[in-house]
Amino acid sequence: MLEPKVVQLTAGSAVLGLVLAAGVVTLAGPWDSGQRTAERARAAAQGPTGGAHHGATGPGRAAPRPPAPAPSAPGVLTALAAPRPQAAPGTGPAAPPPAPLAPTLGPLLADPGLGPLRTASVVDLTTGKPLYGSGAGVPMTPASTIKIATTAAALAALGPDHRIPTTAVATPDARRVTLVGGGDPTLDPARLRALAADTARALRTRRVTTVTLTYDTSRYAGPERHPIGVNDNIAPVTALMTDEGRLGGPAGGPAPRSADPAGDTARAFAALLAEHGVTAGKPPARARAPQRATTLAKTWSEPLSALVERTLTHSDNDLAEALARQTAIATGHPASFAGAERAVRDQLRELGVPLAGTRFADGSGLDRADRATAALLTALLARAADPARPELRPVLTGLPVGGFSGTLEDRFGDGSPGAAGAGLVRAKTGTLSGVNALAGTVVTRDGRLLAFAFLAGRTPSPYAAQPALDRLATALLR
């Protein structure tokens, strides 16, 4: 007998299929690797990449230029703006309008578990029409739902195929080597090892086996430490790090972090060079790369589309801050907290979303100075669903699936208040002490795709607030 969750997911898939057949939408992903189907198929066809192979001539070869962008999945929301089919004159009634939501959502929004401050916005993504609002324009502390804004801005500025480099360069005589951080917090030991092998090979062709090693983090500006200070939820924000500066513990979520992730990465790189016969006489020091440097080797992150999906699915704080700074770099702002705030705001302004009262003090939502409105979040989800903006689609495909993935894996479960939403609700969570939020999409039983945002402040506890938010999202199914 099928498990209840499997039945729910199957039913959800059937609903989504019917929606697509009717010319509305269906949502793809997210996959366990954070890549969409087309990207995974390409990876399977070409063999290992991303550090294991940097070129076409064998494992670990240095690529002279960035790898060709992985093809994005075809637009899955292309029919979003299409009008609902209307009956021909005299052949029958048009599709009925949606039922008013106030009688259903009003009492649920008054749940004491949501505290005294609660706002809401619901929009029909097919028509763009607001269906419900309660304080939708009131700025609230959004917690991690601000990652919707961060990722949308990054995609708008850079496009889904952008990759972040980490580079080894040398002086013309190859006696000084500099490891240059490009701002990729997903650099892992395997890719660092491959980069070291490529670098050593390039040095040996120049008959160099002893070097002075430095490392360059100047890609970023301003303070490295997040305003919340030392915290297991985020490492120092630097342009060079390995595994987000994690010192053991789980691969995601809170974990002890290095106080010097850039220095740790450079020292690991030096040890890896030594394994390949290239020694550095002294411990690596921080220094800018020489102006006339020659590139020895380079490694690249996954495409931005995959990074966005990972950021949203797992609420990755380190990656969110990196994406905010990549937005700043792409738009000519300083890659600092302040510069990233200006860059994100500028990109969102170009998207035409409501920004009154908003603040983007960081990219992750850990800063309580952040402000967002429910109307902003639903507007961003609507932009991501717009057929004219396929570059924003990963904002939707990266949303966790209720009861199945990411930060919603343990919610919408059997026996929970939101159980009916398992497999059907996709949403970004937001959680700080006294702050709880949920923003995402849901397909109604009559096939409408809705975007919603529910923000609550001064909540008594997440154990009371989260079920109340789940009830609100699940109520939209009806």
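Biologist: In S5, which residue is the bridge partner of Leu179?

Modeller: Tyr215 is the bridge partner of Leu179. Mind you, this is a predicted model: local features need pLDDT of at least 70, side-chain atom pairs count only at pLDDT 80 or more, and totals for chains, interfaces and linings use all residues. Residues are numbered from 1 along each chain as its sequence is written, and side-chain values use heavy atoms, with hydrogens and water left out.

Biologist: How do you know that S4 and strand S5 (residues 210-216) pair?

Modeller: Pairing takes at least two bridges found by DSSP. S4 and S5 are joined by 5 bridges and run parallel, so they pass. Strands here are DSSP runs of E, at least two residues, and helices are runs of H or I, at least four, both numbered from the N terminus.

Biologist: What joins strand S3 (residues 165-170) to strand S4 (residues 176-181)?

Modeller: Another 5 bridges, in the antiparallel sense, with Thr167 opposite Val180 in S4. S3 and S4 make a hairpin with 5 residues between them, and Ala174 in the turn has a positive phi of about 65 degrees.

Biologist: In the open sheet of 5 strands, what is the order?

Modeller: The order is S2-S1-S11-S10-S9, with antiparallel pairing.

Biologist: What makes strand S2 (130-134) and strand S9 (425-432) edge strands?

Modeller: Each of S2 and S9 pairs on one side only. For S2, the partner S1 (residues 117-124) is held over 4 antiparallel bridges, and Ser121 stands opposite Gly133 in S2.

Biologist: Why is H4 called roughly antiparallel to H7?

Modeller: Take the angle: H4 and H7 pack at about 175 degrees, with axes 10 Å apart. Axes are lines fitted to C-alpha atoms, for helices over the stretch in contact, and angles between N-to-C directions run from 0 to 180 degrees. Under 35 degrees counts as roughly parallel, over 145 as roughly antiparallel, 65 to 115 as roughly perpendicular, and the rest as oblique. The pair therefore lands in the antiparallel class. Residues meeting there (contact being heavy atoms within 4.5 Å) include Lys147 and Ile148 in H4, and Leu304 and Val308 in H7.

Biologist: How do you know that the span of helix H8 (residues 317-330) agrees with what it should be?

Modeller: The expected span is 1.5 Å times one less than the number of residues. For the 14 residues of H8 that gives 20 Å, and the end C-alpha atoms are 20 Å apart, so the two agree.

Biologist: What makes H8 mostly covered?

Modeller: 12 of its 14 residues are buried, and helix H4 (147-158), helix H7 (304-314) and helix H9 (337-351) are among what covers them. Gly332, after H8, has a positive phi near 80 degrees.

Biologist: Why is Arg191 called buried, and Arg383 partly exposed?

Modeller: Buried means under 20% relative accessible area, exposed over 50%, partly exposed in between (1.4 Å probe, protein chains only). Arg191 has 5%, so it is buried, while Arg383 has 24% and therefore counts as partly exposed.

Biologist: How do you know that the side chain of Arg191 makes a polar contact with the side chain of Asp184?

Modeller: The distance is 2.6 Å. The cut-off is a pair of N or O atoms within 3.5 Å; within protein, one must be able to donate a hydrogen and the other to accept it, and residues adjacent in sequence count only if both atoms are side-chain atoms.
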